[in-house]
Amino acid sequence: AQQQIAYAWDPRDGNLLCQGVRGSGTTTALATAAVALAHAHPPHALHLYVVASDGDALTGLAALPHVGAVASAVERERQERLLRHLADELQRRRSALHADAPLTVLLVDDLDGFATVFDPIDDLAVHEQLRRLAAEGPAAGIVVALTAPRLGAVPPGLAAVFSHRLLLRLPDRFDYATVGLHGDDLPPPLPGRAVDTTSLRHMQLALPSPEGLEAAVQAVAQRWGGRRAGGEPVGIGILPTRVRSADLTTAADLDRADWHLPVGIGDRSLTPVGFRLGPGEAALVAGPPRSGKSALLVALARVVTMQRPEVEVAAIALRGSPLGGLADVDRLATDHDHVERMLTALTTGDREVLLLVDDAELVDGPGERLRGILEQRPAHLRIVAAGRSAALRGAYGHWTTVVRRSRHGLALRPQLAADGDLWDVTLPRAPAGGYPVGRGYLVVGGEVELVQAAGG
């Protein structure tokens, strides 16, 4: 009948999959969908997140008040955190009734590029996270819109959970036969020309606006008055490369029997994380030279002094250490004789004490005394020891082996195959950004988390 009708994708009906070679219009399709949804829904009712693995064509969407993050291909850490945030949100919505939860749409541009950032074998957990979001998310109001440059890029198990599927220009004309299109039924190779695999109707996909994506985004932002404090999506940040003691002070909880002693910013929630030390307990910080061990001890001294000035901060530093001469250190020992006298004074007093031991592998003479103290666990004393990981791994009869039993510690710039043995844990693979100074894995009771430790 020569009728031309509008084609619309309603996320509440399920996920959207657009497949076509680069330049066919798949990325533009995501941009148009995002702009159209943002025009129809206020920011508190619609949350958009973007994983852009194919260039920067979608970065302009970040100006929409509905968008929590546009994570590019070079932001592996941010992409991981984005998927983790949505997986946690899915679990939260499934565990409780959230009828007022906003419609949440994840736009993933170029699954091939995503597989380059996250290897399908080494990063299987990340791919499974995406599959689970697509499979279980729609029932909880979390929907995925995905593009792929070819049919084989999408595993069958993932493709099966997409109820809306559009084929744009494919690399091989015979690929259309998979949905029953042959010969004259094939669409012309024009950008934006697509076929709906359910109805086999041809369509021409729209642009975000005649003036381009930036103009469309500005119009939508003006419609809703920009960002306001009220229901907008959670932003997805990245782990900082520098943390100061002042960033952790308010997170410390030293007024109870079990101290929460923050050591840095954690990767999971980008909030302060640290040791939980009960009376007489200890934690071990290990790493190679210039990895940030001593700087962390300085930060801990400052946090404790700021939070509870009545706590005595004592330090053992047999080699040149920034703890020497630090105003926040009340008592300092720089040789074995001083250590013996200090330990006698600390164990006979009743004032609460945090003992910091730098270069712990060098403390040999008083080692048996320290071992005895650790095994007695005096209620007023807590210890944080730091040393070179290679030396600590080989120190089988050393007093630090008692510290290791607590399974509380921090592995800075770790050797993944070896340093986990210090706490009897398996360390994850190295993060994409490597290990800047102060970056490593916090171990608390056998649980492991990437952190950026404080440095003074």
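## Cores, sheet and ring pairs

Y435 and Y441 are both buried (under 20% relative accessible area, with exposed meaning over 50% and partly exposed in between; 1.4 Å probe, protein chains only). The model behind this briefing is predicted, so local features need pLDDT of at least 70 and side-chain atom pairs count only at pLDDT 80 or more, while totals for chains, interfaces and linings use all residues. Residues are numbered from 1 along each chain as its sequence is written, and side-chain values use heavy atoms, leaving out hydrogens and water.

**Aromatic pairs**

- Rings of Phe, Tyr and Trp (its six-membered ring) pair if their centres lie within 6.5 Å, with planes under 30 degrees apart called stacked, over 60 edge-to-face and the rest tilted; the count by this rule is 2 aromatic pairs.
- One of them joins F114 and F118 in a tilted arrangement, 5.0 Å centre to centre and with 50° between the planes.
- F114 and F118 are buried too.
- Y435 and Y441 form an edge-to-face pair, where the centres are 6.1 Å apart and the planes make 75°.

**Nonpolar cores**

- A nonpolar core is a set of buried Ala, Val, Leu, Ile, Met, Phe, Trp, Tyr and Cys residues joined through side-chain atoms within 4.5 Å. The largest one here has 73 residues, and F275, L355, V357, V384, W399 and L410 touch the most other members.
- Helix 7 (residues 293-307) supplies the largest share of this core, 8 residues; helices (H or I, at least four residues) and strands (E, at least two) are DSSP runs numbered from the N terminus.
- V384 has contacts (heavy atoms within 4.5 Å) that include F275, L355 and V357, as well as L261, L297 and L300, leaving aside residues up to four places away in sequence.
- A second, separate core has 35 residues, among them L30, V50, L213 and V217.

- Strands pair if DSSP finds at least two bridges between them.
- Strand 11 (residues 282-287) and strand 16 (residues 408-412) run parallel, joined by 3 bridges, and V285 stands opposite L410 of strand 16.

**Strand 12**

- Strand 12 is largely enclosed by the rest of the structure, because 6 of its 6 residues are buried.
- Both of its faces are covered, with E312, A314 and I316 buried on one side and V313, A315 and A317 buried on the other.
- Strand 12 pairs with strand 14 in the parallel sense over 6 bridges, and E312 stands opposite V353 of strand 14.
- With strand 13, strand 12 has 3 bridges, also in the parallel sense; here A314 faces R331.

**T104**

- T104 lies in strand 4 (residues 103-109) and counts as buried because its relative accessibility is 4%.
- Its side chain makes a polar contact with the side chain of R93 at 2.9 Å (a pair of N or O atoms within 3.5 Å; within protein, one must be able to donate a hydrogen and the other to accept it, and residues adjacent in sequence count only if both atoms are side-chain atoms).
- Beyond residues up to four places away in sequence, T104 touches H47, Y49, L86, R93, G141, I142 and V143.
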